[in-house]
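Reader: I would like to go through this model term by term and ask what stands behind each label. Could you set each value against the rule that it has to meet?

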Amino acid sequence: MSQLRAGEELLDIADQVVERVPAGSEAEVTVTQTTSALTRFANGGIHQNVADQALRLRLRLIRDGRCGVAEMRVAGDDVAAALVATAEAIRSHSPNGEQVPLYAPDGGADTSAGYSAATEAVTPEQRADLAATVCAVAAARGQRAFGTSETGVTAVAMVSTAGLRRSARHSTTELIAVSRSEDGSAYGARSAADAAQIDAGELAAEVTELCARNHDAQALEPGTYEVVLSPYAVAELLEYLGLVGLGALAVLEKRSFMRFGERLMSEAVTITDDVSRTELAPLPFDGEGASTLPVTIIDGGVCRAVVHDSVTAARTGVATTGHSFPQPNADGPLPRYLCLAPGDSDREAMVAACQRGLLVTRFWYVRPVHPLATIITGMTRDGTFLIDRGRVVRPVRDLRFTQSIVGALGEVRSVGAERLASRGYFGAALAPWLHLGAFTFTS
Amino acid sequence: MRDIADRLLDAAHAAGAAYADCRVVDRTTQSVTVKNGRVNNVSQFADQGSGIRVLVDGAWGFCGTQRADGAGLEEAARLAVRIARASARTSVARVRLAPVPAVTATYTTPVVVDPFTVPLDRKIDLLLAVDAGMDVPGVTTRIGSLGAVRHHQFFASSEGSRIEQTIIETGGGLDATATSASEVQTRSFPNSFGRQQLTAGWEAVEEMDLRGNATRIAEEAVALLSADACPAGTMTLILDATQAALQVHESCGHPTELDRVLGFEAAYAGTSFLMPDMLGRFRYGSDHVTITADATSARGLGTFGYDDEGVPAQRTLLVDRGLFSGYLTSRETASRFDAPSGGTVRAESWNRLPLIRMTNINLEPGTSSLEEMVATTEQGVYLETNRSWSIDDRRLNFQFGTQAGWEIRDGRRVRLVRNPLYSGSTPQFWNSCDAVAGAAEWRMYGVINCGKGQPGQIMHVGHGAAPCRFRNVAVRPA
């Protein structure tokens with residue numbers, strides 16, 4: 001695969017588009033180049049193995065109060081002209097009206113702190129070696145390994161007639177391992193910006209040990225239990241909390257649970273969106289070119305702020321926090337780098353302090369049920385264990401939970417000191433172990 | 001396209017591939033959204049590239065490239081072969097492919113009016129009229145959208161197949177949201193998830209009558225704010241056709257994917273409770289339940305001429321009058337059972353590996369009707385339009401929520417109820433089915449957000465369904 005183009009080269013491509021827009025137009029061009037590769041293994045061997053590279057151009061064109069958006073993932077010398085022609089054709093058929101203004105430069109720095117050259121250099125053979133390590137460790141314990149070894153690099157450049165001119169790149173690497181025995185399974189994952197930080201042997205040892213203990217699971221009566229949640233499960237709670245209530249549009253449209261200044265969660269809960277955490281492979285700006293800023297969302301259990309794009313910021317009379325999807329959009333801003341502040345506990349101390357509860361490795365198929373009340377449902381998966389009087393006593397069959405996230409975070413008994421980075425659907429999260437006093441399982 | 005395909009196959013062969021196939025894709029997607037009386041977004045996405053898949057030493061490699069020049073295509077083919085060699089170092093069993101005859105063929109979605117020929121201002125005018133229809137007191141957010149897809153693809157294999165297809169999709173939908181201090185209620189039409197979509201032309205949008213349903217849907221959203229909570233208990237449940245379609249999708253479509261059964265998705269999408277030794281013996285549902293995978297159904301999002309392995313579109317029985325009868329298969333998975341492929345392999349785009357995906361998974365029509373089902377129900381609920389869906393990784397333990405419900409007493413719908421949920425276990429649920437509406441109420445629906453695979457792929461799939469009734473189901477409010 002060809003080496004990723006440098007930021008200057010992507011900016012030049014964007015310039016070529018801007019140069020072609022009709023006189024008097026406002027234009028915003030985004031150029032995104034992605035290189036990704038993923039090796040997938042199942043039943044102890046590689047069964048799917050892919051790579052791809054793509055360059056995508058997006059133009060937002062505004063003139064005479066009309067807006068047109070065109071995107072192309074097309075090769076060739078005439079792409080810039082085709083992109084402008086398509087956007088102009090759409091613009092000319094669109095009605096006259098108020099448009100989302102182009103974002104004026106805010107002077108933010110274009111760091112590529114979330115980029116690692118080592119990740120970009122990973123070869124198919126090295127990805128296969130990571131898979132082989134996990135498969136071998138599992139096989140040595142009589143288990144079968146499943147999972148993925150993935151690397152990717154994204155470079156983004158934005159140029160606009162409003163003076164915007166930025167570029168950055170980030171890299172992601174993730175190793176996911178699931179180990180399965182005849183009647184049990186276990187899950188683990190590591191993600192980072194730098195592939196050199198992934199230790200396949202350490203992850204395989206964790207997962208195979210958990211799988212060995214997840215044997216002969218028995219059914220447990222649904223009900224409300226204490227829970228000790230792994231960072232994987234906590235990251236899922238954070239992502240869905242962000243989805244249903246931590247974007248400013250949800251507040252403006254009265255879909256969010258947030259009540260600013262009120263304490264809705266335990267004092268131990270501080271949630272930030274922290275673009276400075278390099279392990280989350282952040283990009284320094286958002287879909288309209290605004291610098292992404294750290295935001296303290298929940299501070300000691302008290303609702304403080306939500307994330308904004310330029311549209312919600314203007315409606316609210318504040319500055320954007322740089323959490324926009326490409327404009328215009330109907331979805332509004334969402335957090336991308338959610339972090340739950342660490343406490344001083346750990347998994348062992350949480351289990352010891354748990355009278356009767358469940359140790360949950362992972363949630364699965366989580367969906368909102370009542371977004372305003374932050375009620376979600378989902379299943380446990382790949383390792384759920386009963387805790388009785390401070391000891392993990394046996395594995396239990398997977399259970400369905402239906403639970404308010406805010407309600408759960410109002411019952412925090414302790415927070416882990418160490419945190420793990422996890423990739424999510426919209427970004428990434430940094431989460432510790434968490435001991436909650438009440439969590440409702442419904443079937 | 002043909003030249004690109006030939007170049008990819010030649011380069012793969014020269015690099016050592018024992019088998020290769022490729023897809024050269026030119027896809028255009030158009031989207032129009034109106035929100036709260038204003039055009040929110042009008043956009044078009046053109047996407048061109050090709051994907052080359054190779055077998056070397058019995059192991060797969062795949063590479064997607066945007067480049068169409070000779071050097072770029074050869075680089076992609078060589079990388080696919082290098083990746084396959086890396087796979088072979090840690091593969092478990094050599095891949096075998098079920099045989100398929102080489103064909104030269106074309107297929108084009110039959111349409112009356114190509115959606116890309118309809119002027120944008122006409123689409124915008126329709127959505128603005130729909131938006132005005134939803135502008136009733138109490139509604140806080142109104143969204144209308146239209147979408148169109150043209151997917152032009154050339155498939156070629158080293159076994160000699162050359163297949164050119166053009167798939168056209170058209171869709172539209174509306175959402176009205178009303179809010180109070182304690183409730184957010186959204187009603188959608190014709191379906192949730194943004195819109196209803198079919199392989200059809202603009203005529204599909206005109207048939208929806210979005211304008212004629214806008215005010216009714218908006219008023220229902222407002223009414224739900226003050227509606228009573230859904231009753232709780234074990235009761236009779238009647239599903240509208242859209243929710244029945246999603247129930248089929250989650251609890252029959254996914255668990256009959258043979259790659260899941262073989263563990264290919266165990267680390268991500270999950271496995272299945274439907275094991276091969278259950279074929280022809282396991283009572284999946286009642287006699288009323290017949291489910292097919294039918295890529296030949298008219299207008300479904302899983303309707304095509306050939307799948308992405310060059311296998312002809314076909315109709316397969318998955319559940320035959322309650323009996324578990326078949327799987328969705330690929331050439332690789334079918335070969336494990338010395339069977340021909342069921343032709344259900346598709347890729348989201350040129351840069352993604354083709355996987356087993358649902359085609360049109362249809363609940364075949366029965367003999368009842370919604371009116372008759374309600375009239376013969378003493379106590380229960382009728383639920384419409386999905387709002388929430390979740391199911392375990394083996395596809396047994398599910399919980400669904402819908403946007404609206406109506407309590408039924410003594411054969412009549414007596415009141416609107418809010419936030420209904422129902423839950424169950426797949427075979428028990430389908431075995432409790434005692435009625436499916438007939439062909440007059442059977443409709444084809446599109447699901448445009450079906451996720452599977454790593455890297456993730458979002459596929460458009462179809463479901464024909466009709467209202468249906470289930471006894472003794474756990475129902476409660478959210």
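Author: Let us begin with pairing: two strands are said to pair if DSSP finds at least two bridges between them. The model is a predicted one, and in chain B the residue B:Val319 stands opposite B:Phe324 in E13(B).

Reader: What makes strand E12 and E13(B) a pair, and in which sense do they run?

Author: Strand E12 of chain B, residues 315-320, is joined to E13(B) over two bridges in the antiparallel sense; since the rule asks for at least two bridges, the two strands count as paired.

Reader: Which strands of this sheet in chain B are called edge strands, and what makes them so?

Author: The sheet is open and consists of four strands in the order E13-E12-E11-E16 of chain B, with antiparallel pairing. Strand E13 (323-324) and strand E16 (361-363) of chain B each pair on one side only, and they are the edge strands. Helix H6 of chain B, residues 241-253, lies across E11 (291-294), E12 and E16 of that chain, and runs at about 120° to E16(B).

Reader: Why is B:Phe193 called partly exposed?

Author: A residue is buried with 20 or more other C-beta atoms within 10 Å and exposed with 12 or fewer; B:Phe193 has 19, and is therefore partly exposed. This residue is placed in the loop between E7 and E8 of chain B, and its phi is near 65°, a positive value in a residue other than glycine.

Reader: What makes up the contact of H4(A) with H5(A), by class of residue?

Author: Helix H4 (residues 124-140) and helix H5 (residues 200-213) of chain A pack at an angle of about 35°, with their axes 9 Å apart, and the crossing is right-handed. Among the residues that meet are A:Leu130 and A:Val134 in H4(A), and A:Ala204 and A:Thr208 in H5(A). The contact has seven nonpolar, three polar and no charged residues, with Gly counted among the polar ones.

Reader: How do you know that the radius of gyration of chain B agrees with that of a compact globule?

Author: For 478 residues a compact globule would have a radius of gyration near 23 Å, and chain B has 23 Å, so the two agree. The C-alpha atoms of chain B fill a box of roughly 70 × 55 × 40 Å along the principal axes, and 64% of the 478 residues count as buried.

Notes. Residues numbered from 1 in each chain as written. Chains lettered and ligands numbered in written order. Predicted model: local features only at pLDDT ≥ 70, side-chain atom pairs only at ≥ 80, totals over all residues. Contact = placed C-beta atoms within 7 Å. Axes fitted to C-alpha atoms, helices over the stretch in contact; angles between N-to-C directions. Left-handed = near helix turned anticlockwise from the far one by under 90°. Rg over C-alpha atoms; globule rule 2.2 N^0.38 Å.
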